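Please keep the sequence and the structure in view while reading.

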Amino acid sequence: MSRVEDFLTIEEEQEIVEAILSAEKNTSGEIRVHIEAHTRIDHYKRAKEVFHLLKMDNTKEENGVLIYVAVNDRKFAICGDKGMDKVVPKDFWESTKNIIEGHFKNGAFKTGIVAGIHKAGTELAHHFPWKHDDTNELSNEISKG
């Protein structure tokens, strides 16, 4: 078994999906988590590739956020679409990365991902509040590569 399957328990994965559902209740934004074993390219570049592969750049308001983890590399990245980049404070991506990283350093991977989801969800809700005609444009399930 690769480390991807060992990275989170089924229960932890479900908690992450529940965090995504909770965060998306207050926003039209979309949050996804992608986990894979390894990448041969820069982790942020790979996160942007996965962002595109998951069609996160096709949301109506360009407000998707991806948390990408390369388990065997012990690296992660967080990135967002153009609409998100236009409105978040300059330190948003770095401060969110620091929150996740703080938990990861202690081996609390699920907690770090959930904390990142909540921070992204709060920011999304501020800039892209939920409207009565919003639909969930993307899956909330964790994708794996």
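This is a predicted model: local features need pLDDT of at least 70, side-chain atom pairs count only at pLDDT 80 or more; totals for chains, interfaces and linings use all residues.

Residues are numbered from 1 along each chain as its sequence is written, and side-chain values use heavy atoms, with hydrogens and water left out.

**The sheet**

Helices (H or I, at least four residues) and strands (E, at least two) are DSSP runs, numbered from the N terminus. Two strands count as paired if DSSP finds at least two bridges between them. Four strands make up an open sheet of mixed pairing, in the order S3-S2-S1-S4. Strand S3 (75-80) and strand S4 (143-144) are at the edges with a single partner strand each, so one side of each is left without a neighbour in the sheet.

Strand S1 (residues 30-36) runs parallel to S4, and two bridges join them. In this pairing His34 stands opposite Ser143 in S4. S1 also pairs with S2 in the parallel sense, over seven bridges, and here Val33 is opposite Ile67 in S2.

In a regular strand the side chains alternate between the two faces of the sheet. Seven of the seven residues of S1 are buried, where buried means under 20% relative accessible area, exposed over 50% and partly exposed in between (1.4 Å probe, protein chains only). Glu30, Arg32, His34 and Glu36 are buried on one side of S1, and Ile31, Val33 and Ile35 on the other.

**Helices on the sheet**

Contact means heavy atoms within 4.5 Å. Axes are lines fitted to C-alpha atoms, for helices over the stretch in contact, and angles run from 0 to 180 degrees between N-to-C directions.

| H2 (residues 10-24) | S1 and S4 | about 160° with S1 |

**The largest pocket**

On a 1 Å grid over the protein atoms alone, a pocket is an open set of points where a 1.4 Å probe fits, with protein on both sides within 12 Å along at least five of seven lines; lining residues have an atom within 4 Å of a point. The largest pocket holds about 300 Å³ of space. It is lined by 14 residues, of which Arg74, Lys75, Phe76, Phe104 and Phe109 are the closest to its centre. Helix H1 (3-7), S2, S3 and H5 each supply at least two lining residues, and H5 gives the most, with four. The lining comprises seven nonpolar, one polar and six charged residues.

Arg74 lies in the loop between S2 and S3. Arg74 has a positive phi of about 60° although it is not a glycine, and it is exposed, with a relative accessible area of 69%.

Lys55 is placed in the loop between H3 and S2. Its phi is near 60°, a positive value in a residue other than glycine. At 52% relative accessibility, Lys55 counts as exposed.

Met56 is found in the loop between helix H3 (43-53) and S2, and at 0% relative accessibility Met56 counts as buried. Not counting residues up to four places away in sequence, Met56 touches Glu30, Arg32, Phe51, Gly64, Val65, Leu66, Asp81 and Leu138.

Methods
Grid points are joined across faces, edges and corners, and a volume is the space filled by probe spheres set on the points. Ala, Val, Leu, Ile, Met, Phe, Trp, Tyr, Cys and Pro count as nonpolar, Asp, Glu, Lys and Arg as charged, and the others, Gly among them, as polar.
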